[in-house]
Amino acid sequence: MTSYKPVRDPLNDKLLTPENSTLILIDYQPTQVNSINSMEKNTLIRNVVTVAKTAQLYQLPIVLSTVNVTNGKSLDTIPALKKVLGDTPSYDRTSINAWEDKEFYAAVQAAGRKKLIICALWTEACLSFPTLDALHEGYDVHVVTDAVGGTTKHAHETALSRMEQAGAHLTSIPQLLCELQRDWNRTKTSEGFVELLIEANVFPSS
């Protein structure tokens, strides 16, 4: 069986591809995780770990950031996520809006990709502010809604609405995986694709 059309240009595709996207992860730290009330915390951790594994499977650049670690006011990225990310550089800041941090901003620019897949805590602050700024600068921003959370369900939903109205795309882990994989015939990643769908509870494990 063959496809009816040739593979589209992965750099200029309107959809997300492994070649045109960057993953941004912001403030997945113990204090922030423990303050989330819009989603069950263990589910949140499992989901953001799945997103990180997705980025690694498809070899996306990853920009990781924390807040107030170097000044001793906060703990570093949670161990479950840190274990997956390994030696991925982390850009620590004091600004609530990561977009206003010089090193973080330079890292996003250095990735050289205009499509940003973003996950952050909280939805109403550290996710929404860089998303709104990135949109203003012409980036195409995709928010992974099942891997982010806010201090309340109302704060979370209100922030998602604001970002969507500003032009952000709301996505989910299953949609993200399918968008990056796109074709079962891409055998280099198809096995990992299925494993991550199982991890995301899309497919049964047995």
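What is the volume of the largest pocket? The largest pocket has a volume of about 590 Å³, a volume being the space filled by probe spheres set on grid points that are joined across faces, edges and corners. The structure is a predicted model, in which local features need pLDDT of at least 70 and side-chain atom pairs count only at pLDDT 80 or more, while totals for chains, interfaces and linings use all residues. Residues are numbered from 1 along each chain as its sequence is written, and side-chain values use heavy atoms, with hydrogens and water left out.

**Pockets**

- A pocket is defined on a 1 Å grid over the protein atoms alone as an open set of points with protein on both sides within 12 Å along at least five of seven lines, where a 1.4 Å probe fits; lining residues have an atom within 4 Å of a point.
- The lining of the largest pocket comprises 21 residues, and Val7, Leu180, Gln181, Arg182 and Arg186 lie nearest its centre.
- Helix H7 (173-181) and helix H8 (187-199) are the elements that give two or more residues to this lining.
- By class, the lining of the largest pocket has seven nonpolar, five polar and nine charged residues; Ala, Val, Leu, Ile, Met, Phe, Trp, Tyr, Cys and Pro count as nonpolar, Asp, Glu, Lys and Arg as charged, and the others, Gly among them, as polar.
- The second largest pocket holds about 200 Å³ of space.
- Of its 13 lining residues, Gln32, Val67, Ile96, Trp122 and Cys126 are the closest to the centre.
- Helix H1 (30-34) and helix H5 (123-136) each contribute at least two residues to the lining of the second largest pocket, which divides into six nonpolar, five polar and two charged residues.

**Overall fold**

- The protein chain contains eight helices and six strands, taken as DSSP runs numbered from the N terminus (helices H or I, at least four residues; strands E, at least two).
- Along the sequence, the pattern is β-α-α-β-α-β-α-β-α-β-α-β-α-α.
- The C-alpha atoms fill a box of roughly 55 × 40 × 35 Å along the principal axes.
- Buried residues (under 20% relative accessible area, with a 1.4 Å probe and protein chains only) make up 50% of the 206 residues.

**Phe193**

- Phe193 lies in helix H8 and counts as buried because its relative accessibility is 4%.
- Contacts of Phe193, leaving aside residues up to four places away in sequence, are with Leu57, Tyr58, Leu177, Cys178, Gln181 and Trp184; contact means heavy atoms within 4.5 Å.
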